[in-house]
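Subject: Structure handover and notes

Dear colleague,

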Amino acid sequence: MALAFDEFGRPFILIKQQEEKSRLRGLDAQKANISAGKAVARILRTSLGPKGMDKILQSPDGDVTITNDGATILEQMDVDNQIAKLMVELSRSQDYEIGDGTTGVVVMAGSLLEQAEKLLERGIHPIRIAEGYEMASRMAVEHLERIAQKFEFGMNNIEPLVQTCMTTLNSKMVNRCKRSLAEIAVKAVLAVADLERRDVNLDLIKVEGKVGGKLEDTELIYGITIDKDMSHPQMPKRIEDAKIAILTCPFEPPKPKTKHKVDIDTVEKFQTLRHQEQKYFDDMVQQCKDVGATLVICQWGFDDEANHLLMHRNLPAVRWVGGVELELIAIATGGRIVPRFQELTPEKLGKAGLVREKSFGTTKDRMLYIEHCANSRAVTIFIRGGNKMMIEETKRSIHDALCVARNLIRNNSIVYGGGSAEISCSVAVEAAADRYPGVEQYAIRAFADALDAIPMALAENSGLQPIETLSAVKSQQIKDNNPYCGIDCNDVGTNDMCEQNVFETLIGKQQQILLATQVVKMILKIDDVISPSEY
């Protein structure tokens, strides 16, 4: 710890309790930060690409997660190091913004740090490296614009969207059903998309899962499913052309807000009270019948007497439905949520073509399907699978596919996958490096080398010889001037990603490069780490 002395040579304290703090300065601090960043990237490197490995993570309370989604792995890995936390934030921001490419962005950042370490050892100042990286990232992003292709799609021609979603699902555990899942994701997004504004509200897509059945049974429901059944077992299980009253008021007599006590000293008084309650329930049920409701969905419960009355009056009802589900039902059926019985009018009823109750297997599990709604802008993807972990992983995979479809609706430019875009950028940045005099030139070349890390990791994970494969593809790109040559991970026999239909979104790729460069610049600028020392 550095000490400061006054004019009489007496040391004085700069930092409170400085003997309890450890401090790393200069090159040591940068090396320590870089090795922390590289360690995180090394964990994710093996789960990149279609042949990537999965990780099993156990939480402190014993829950097990199996996944190869970068953001999920880092989220659940309880990291302690400050720089490792930056890497976790990096993959999280990629996940929030784009939804896909969370592994690639961390691998990319790790590779940039690795190259920066070599340059630091040569004595180049970290700020010059950061500036060089910034220039190179701008070149790479511009080059991606040049090699990107636009493709047209419409409600009737969804094949391009499906192909891009299949690329995303290729690297997941669910890749055997990638075709059907990609189609489900695309149809769900187009059902809720506003194509004029090029906007998609993913909150309108509800992803539900139920253990049992097989992955192939996953279906898209143009409506809402709720994990509830009819409140009385004898109520009809299928209602066609349903008019739905959506209530947030309880089906019971009003209670005074203050503390109250009722003195009943004769049988007559009790009878009167009972009749009064019954009449109140009768009026409530009658009110629902009068406005023409054929199904009541209530946020609160109701007691057995109300249930019995509803059953007798042929008014099916569902109780204890959550607030979020009520909102989705209201959006889907075009109904209004009614907070008081007095406000119930025929215009506020939701309309659905079919409400049915479905039971699963030999279990007593039942779910309500509300389909053929008046406004089918709320849809449900219903996932089946052998166990809970499989369903959770499928939900994460479907989320990635939904995000990719949404990004393509916002911006329909694509680049080709399989590492071809990175190799092409690497070649372009390498060629441009000679135009820059000064030390930045070294950093720009290092950036070009770092871009090769992703195709290299793809080749390595696919069981190919990484260096041979990469150099062969690179020379083929330069020779044929074809930016679509990538790593043939699935052993199809061609390196042309255009033929293999491996696409990625342009904004996803650009975001990856920009975010990774941003974080690496930040890490390189840190030259002093003061932390409380371990006891």
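Helices (H or I, at least four residues) and strands (E, at least two) are taken as DSSP runs and numbered from the N terminus. This is a predicted model, in which local features need pLDDT of at least 70 and side-chain atom pairs count only at pLDDT 80 or more, whereas totals for chains, interfaces and linings use all residues. Residues are numbered from 1 along each chain as its sequence is written, and side-chain values use heavy atoms, with hydrogens and water left out.

Helix packing

Helix α4 (residues 102-121) and helix α5 (residues 126-147) have axes that come within 10 Å and cross at roughly 140 degrees, where an axis is a line fitted to C-alpha atoms, for helices over the stretch in contact, and angles run from 0 to 180 degrees between N-to-C directions. The two helices, α4 and α5, are therefore oblique to each other, on a scale where angles under 35 degrees count as roughly parallel, over 145 as roughly antiparallel, 65 to 115 as roughly perpendicular and the rest as oblique. The crossing of α4 past α5 is right-handed; a crossing is called right-handed if the near helix is turned clockwise from the far one by less than a right angle, and left-handed if anticlockwise. On the α4 side the contact (heavy atoms within 4.5 Å) is made by Leu112, Gln115, Ala116, Leu119 and Leu120, and on the α5 side by Pro126, Ile129 and Tyr133. These residues divide into 7 nonpolar, 1 polar and no charged, with Ala, Val, Leu, Ile, Met, Phe, Trp, Tyr, Cys and Pro counted as nonpolar, Asp, Glu, Lys and Arg as charged, and the others, Gly among them, as polar.

Gln115, which lies in helix α4, counts as buried because its relative accessibility is 14%; buried means under 20% relative accessible area, exposed over 50%, and partly exposed in between, with a 1.4 Å probe and protein chains only. Leaving aside neighbours within four places in sequence, Gln115 is in contact with Tyr133, Ala446, Asp449 and Ala450.

By class, the contact of α3 with α17 has 9 nonpolar, 5 polar and 1 charged residues.

Aromatic residues

How many aromatic pairs does the structure hold? There are 4, where rings of Phe, Tyr and Trp (its six-membered ring) pair if their centres lie within 6.5 Å, and planes under 30 degrees apart count as stacked, over 60 as edge-to-face and the rest as tilted. One of them joins Tyr416 and Tyr484 and is tilted, at 4.6 Å centre to centre with 55 degrees between the planes. This pair links distant parts of the chain, with Tyr416 in strand β19 (residues 413-416) and Tyr484 in the loop between α15 (466-480) and α16 (497-500), 68 residues apart. Both Tyr416 and Tyr484 are buried, and together with Phe503 they form one aromatic cluster.

Two buried residues

Ile224, in strand β11 (residues 223-226), is buried with a relative accessible area of 0%. Not counting residues up to four places away in sequence, Ile224 touches, among others, Lys206, Leu368, Tyr369 and Ala378, as well as Leu328, Ile329 and Ala332; Leu328, Ile329 and Ala332 are among the buried residues of helix α10 (residues 323-333).

Val285, in helix α8 (residues 267-290), is likewise buried, with a relative accessible area of 1%. Beyond residues up to four places away in sequence, Val285 touches Phe251, Leu310, Arg313 and Leu315.

Backbone angles

Most residues other than glycine have a negative phi. Asp241, although not a glycine, has a positive phi of about 50 degrees; Asp241 is placed in strand β12 (residues 238-247) and is exposed, with a relative accessible area of 59%. Asn314 also has a positive phi, of about 55 degrees, and sits in the loop between α9 (304-312) and β14 (317-318), where Asn314 is exposed at 61% relative accessible area. Just after α10, Gly334 takes a positive phi of about 75 degrees.

Best wishes
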